[in-house]
Amino acid sequence: DMVSKTEQYLNDLAAKMGNGSVSVGFMEGATYPDGESVPMVAFENEFGVPSKGQPPRPFFRRMIAKESPNWAPRIARISKQTGFNGQRVLGIMGEDIKGGLQESINNFTDPPLSPVTIARKGFSKPLIDTSHMLNSITYEVEE
């Protein structure tokens with residue numbers, strides 16, 4: 001019957017797609033040249049460090065709020081375009097979300113930096129100093 005054929009088709013697609021996952025962000029072990037942890041710096045930027053007078057700059061949460069409503073339709077479109085190759089879909093989505101996160105950092109302006117920080121850095125762009133954090137964003141596809 002039609003229901004069992006539909007179920008079989010969906011089960012076949014699910015099997016073809018696989019059970020993979022993709023992680024996007026600042027991976028464990030990523031460090032600055034001085035050994036400081038990139039994930040820790042990203043965390044402190046995202047959530048702030050009140051004891052240091054550093055306000056939250058939620059670049060990651062803002063990106064998720066802005067981009068995540070588009071992820072399911074994008075996954076559906078990419079799945080069709082790749083012949084339902086799960087690993088390729090995850091790789092393309094990983095690259096896409098990485099780009100969204102980098103864009104979020106590049107476009108981030110509020111809250112602004114303090115005058116002391118601007119004087120130290122020589123410019124007023126929050127979340128960018130050496131661009132090491134920005135360039136450390138990556139993704140990993142797992143089967």
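Biologist: Why is Gly-100 called buried?

Modeller: Its relative accessible area is 12%, and buried means under 20%, exposed over 50% and partly exposed in between (1.4 Å probe, protein chains only). With 12% against that limit, Gly-100 counts as buried. Before we go on: this is a predicted model, where local features need pLDDT of at least 70, side-chain atom pairs count only at pLDDT 80 or more, and totals for chains, interfaces and linings use all residues. Residues are numbered from 1 along each chain as its sequence is written, and side-chain values use heavy atoms, with hydrogens and water left out.

Biologist: Where does Gly-100 lie?

Modeller: In helix α5; helices (H or I, at least four residues) and strands (E, at least two) are DSSP runs, numbered from the N terminus.

Biologist: What makes Ser-104 count as buried?

Modeller: Same test: Ser-104 has 15% relative accessibility, so it counts as buried. Ser-104 has its place in helix α5 too. Leaving out residues up to four places away in sequence, Ser-104 touches Phe-59 and Met-63, where contact means heavy atoms within 4.5 Å. Lys-121, on the other hand, is 17 residues along the chain from Ser-104, and their C-alpha atoms are separated by 20 Å.

Biologist: And how do you know that Ser-124 is partly exposed?

Modeller: Its relative accessible area of 46% puts Ser-124 in the partly exposed class. Ser-124 is found in the loop between α6 and α7. Beyond its neighbours within four places, Ser-124 is in contact with Leu-113 and Ile-118, and its C-alpha is 8.5 Å from that of Ser-114, 10 residues away along the chain.

Biologist: What makes the phi of Phe-84 worth a flag?

Modeller: The phi of Phe-84 is positive, about 60°, although the residue is not a glycine. Phe-84 has its place in the loop between α4 (71-81) and α5, and at 21% relative accessible area it is partly exposed. Leu-127 also has a positive phi, about 70°, and is not a glycine either. Leu-127 is found in the loop between α6 and α7, but its relative accessible area is 12%, so Leu-127 is buried.

Biologist: How do you know that the bond from Asp-110 to Pro-111 is cis?

Modeller: From omega: it is near 10° for that peptide bond. Pro-111 is found in the loop between α5 and α6 (115-121).

Biologist: Which residues touch the most other members of the largest nonpolar core?

Modeller: Phe-26, Phe-59, Leu-101, Ile-105, Leu-127 and Met-133, out of 20 residues in that core. A nonpolar core is a set of buried Ala, Val, Leu, Ile, Met, Phe, Trp, Tyr and Cys residues joined through side-chain atoms within 4.5 Å. The elements giving two or more residues are α2 (38-47), α3 (59-67), α5 (86-107) and α7 (132-135), and α5 supplies the largest share, 5 residues. Take Leu-101: not counting residues up to four places away, it touches Gly-25, Phe-26, Phe-59, Phe-60, Met-63 and Ile-137.

Biologist: Zooming out, what is the secondary structure of the chain?

Modeller: It comes to 7 helices and 2 strands, running α-β-α-α-α-α-α-α-β from the N terminus. The radius of gyration is 20 Å, well over the 15 Å that the globule rule gives for 143 residues, so the chain is more spread out than a compact globule. That radius is taken over C-alpha atoms, and the rule is 2.2 Å times the number of residues to the power 0.38. Along the principal axes, the C-alpha trace spans about 70 × 30 × 25 Å.

Biologist: How many of the residues in the chain are buried?

Modeller: Buried residues make up 32% of the 143. As for contacts between residues at least 6 apart in sequence, 59% join residues at least 24 apart.
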